Amino acid sequence: DPAVRVALGEEFGMEIGTNVTGKMVTALKRLGFDKVFDTNTGADLTIMEEATEFLERFEKKENLPLITSCSPGWIRLVEQYRPEIIPNLSSCKSPQQMAGAVIKTYYAEKAGIEAKDNVSVSVMPCTAKKFEADRDEFKVDGIPNVDAVLTTQELVRMIKESGIMFDTIEPEAV
């Protein structure tokens, strides 16, 4: 997530606004993650799908304005307090869920991994992403698109507790 790649550096004394994507990749691999994917790919997919959905709705003049479905906190608020605008919500998955679905299907198939054996963990700035990952509509045959969500602060604690010297590690590519 873009916010994580900047906030993480601040937690280790780096200049505010420093992009630490490469260092985050190195740290995640040292923590035991086999592969690291960038949620920006999921964001790109979401943008394309939402644009297509908007054009269809615009032509039909239905369910406008289109409201993004990227924020699970916002979705929950609408469901609980403004159910009358649910038809305006985009039907697209959030970037977290798009990326998780691609990892569980396309990547798993290419890597020869069964979806049930492919564990997908997101690192997100918002605790509402944990709730989102647990929603039944983001499970296929009982298998979630995203198995676990770490917040930025949880990842910081994991890095510190493991003894990784974040500010001096060499960055790796995603």
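Here is a quick tour of the pockets, salt bridges and a surface patch in this structure. It's a predicted model, where local features need pLDDT of at least 70, side-chain atom pairs count only at pLDDT 80 or more, and totals for chains, interfaces and linings use all residues. Residues are numbered from 1 along each chain as its sequence is written, and side-chain values use heavy atoms, with hydrogens and water left out.

**Pockets**

- The largest pocket holds about 560 Å³ of space. A pocket here is an open set of points on a 1 Å grid over the protein atoms alone, where a 1.4 Å probe fits, with protein on both sides within 12 Å along at least five of seven lines; lining residues have an atom within 4 Å of a point. The volume is the space filled by probe spheres set on the points, which are joined across faces, edges and corners.
- Its lining takes in 28 residues, and Lys35, Val36, Phe37, Ile103 and Val121 lie nearest the centre.
- Of the elements, α5 gives the most to that lining, with 5 residues. Helices (H or I, at least four residues) and strands (E, at least two) are DSSP runs, numbered from the N terminus.
- The second largest pocket comes in at about 240 Å³. It has 14 lining residues, with Ser69, Ile75, Cys92, Glu137 and Phe138 nearest its centre.

**Salt bridges**

- The whole structure has 12 salt bridges, each a side-chain nitrogen of Lys or Arg within 4 Å of a carboxyl oxygen of Asp or Glu.
- One of them joins Arg5 and Asp38 at 2.7 Å, N to O. Arg5 sits in helix α1 (residues 2-11) and Asp38 in the loop between α2 and α3, 33 residues apart.
- Arg5 counts as buried because its relative accessibility is 8%, while Asp38, at 22%, is partly exposed. The cut-offs are under 20% relative accessible area for buried, over 50% for exposed and in between for partly exposed (1.4 Å probe, protein chains only).
- Glu79, Arg135 and Glu137 are linked in a salt-bridge network. Arg135 pairs with Glu79 at 2.6 Å and with Glu137 at 2.5 Å.

**Surface patch**

- Phe54, Leu55, Phe58 and Leu64 make up a nonpolar surface patch with about 360 Å² of accessible area together. Such a patch joins nonpolar side chains (Val, Leu, Ile, Met, Phe, Trp, Tyr) within 5 Å, from residues with over 30% relative accessible area and no salt bridge. Accessible areas come from the Shrake-Rupley method with a 1.4 Å probe, and for residues only the protein chains shown count as cover.
- Leu64 is in the loop between α3 (39-60) and α4 (72-81).

Methods
Patch = residues over 30% accessible without salt bridge, like charges linked within 9 Å, V, L, I, M, F, W, Y side chains within 5 Å.
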